[in-house]
Amino acid sequence: MKQLLYFFVYIGIAVIMPFASFAQYILNGNAIQESCNCYQLTQPAVNQSGSVWESTKINLNDSFDFSFNVYL
């Protein structure tokens, strides 16, 4: 019985890991991912906050380009 439990845990990890490795952003508060590259920080309601952060750190000693669209 214990071996069967371990089997399902290993299968679950094998299924989840490929999706977790593609996570590029960290979501905080009320932020949600709407599609592949589209995030909503808050719903149109009061007393909400949200943020989305790039999980890869930027080295400020090197040049970099970063672009995004903001719809208010």
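Buried means under 20% relative accessible area, exposed means over 50%, and partly exposed lies in between (1.4 Å probe, protein chains only). The model is predicted: local features need pLDDT of at least 70, side-chain atom pairs count only at pLDDT 80 or more, and totals for chains, interfaces and linings use all residues. Residues are numbered from 1 along each chain as its sequence is written, and side-chain values use heavy atoms, with hydrogens and water left out.

**Exercise 1. Describe how β2 and β3 pair, and name the bridge partner of Q33 in β3.**

Step 1. Two strands pair if DSSP finds at least two bridges between them. Strand β2 (residues 32-35) and β3 are joined by three bridges in the antiparallel sense.

Step 2. Two residues lie between β2 and β3, and the two strands form a hairpin.

Step 3. Q33 has Y39 of β3 as its bridge partner.

**Exercise 2. Find the aromatic pair in the structure and classify its geometry.**

Step 1. Rings of Phe, Tyr and Trp (its six-membered ring) pair if their centres lie within 6.5 Å; planes under 30 degrees apart count as stacked, over 60 as edge-to-face and the rest as tilted. Searching the whole structure gives one aromatic pair.

Step 2. Y25 and Y39 make up this pair, with 5.2 Å centre to centre and 70° between the planes, and it is edge-to-face.

Step 3. The pair links distant parts of the chain, since Y25 is in strand β1 (residues 25-29) and Y39 in strand β3, 14 residues apart.

Step 4. Y25 is partly exposed because its relative accessible area is 26%. Y39, at 23% relative accessibility, is partly exposed as well.

**Exercise 3. Give the volume of the largest pocket and describe its lining.**

Step 1. On a 1 Å grid over the protein atoms alone, a pocket is an open set of points where a 1.4 Å probe fits, with protein on both sides within 12 Å along at least five of seven lines; lining residues have an atom within 4 Å of a point. A volume is the space filled by probe spheres set on the points, which are joined across faces, edges and corners. The largest pocket holds about 820 Å³ of space.

Step 2. Its lining has 18 residues, and Y39, L41, V52, F68 and N69 are the closest to its centre.

Step 3. β3 and β4 are the elements that give two or more residues to this lining, and β4 gives the most, with four residues.

Step 4. Ala, Val, Leu, Ile, Met, Phe, Trp, Tyr, Cys and Pro count as nonpolar, Asp, Glu, Lys and Arg as charged, and the others, Gly among them, as polar. By class, the lining of the largest pocket has eleven nonpolar, six polar and one charged residues.

**Exercise 4. Locate N47 and decide whether N47 is buried or exposed.**

Step 1. N47 sits in the loop between β3 (38-40) and β4 (50-54).

Step 2. Its phi is near 60°, a positive value in a residue other than glycine.

Step 3. N47 counts as exposed because its relative accessibility is 80%.
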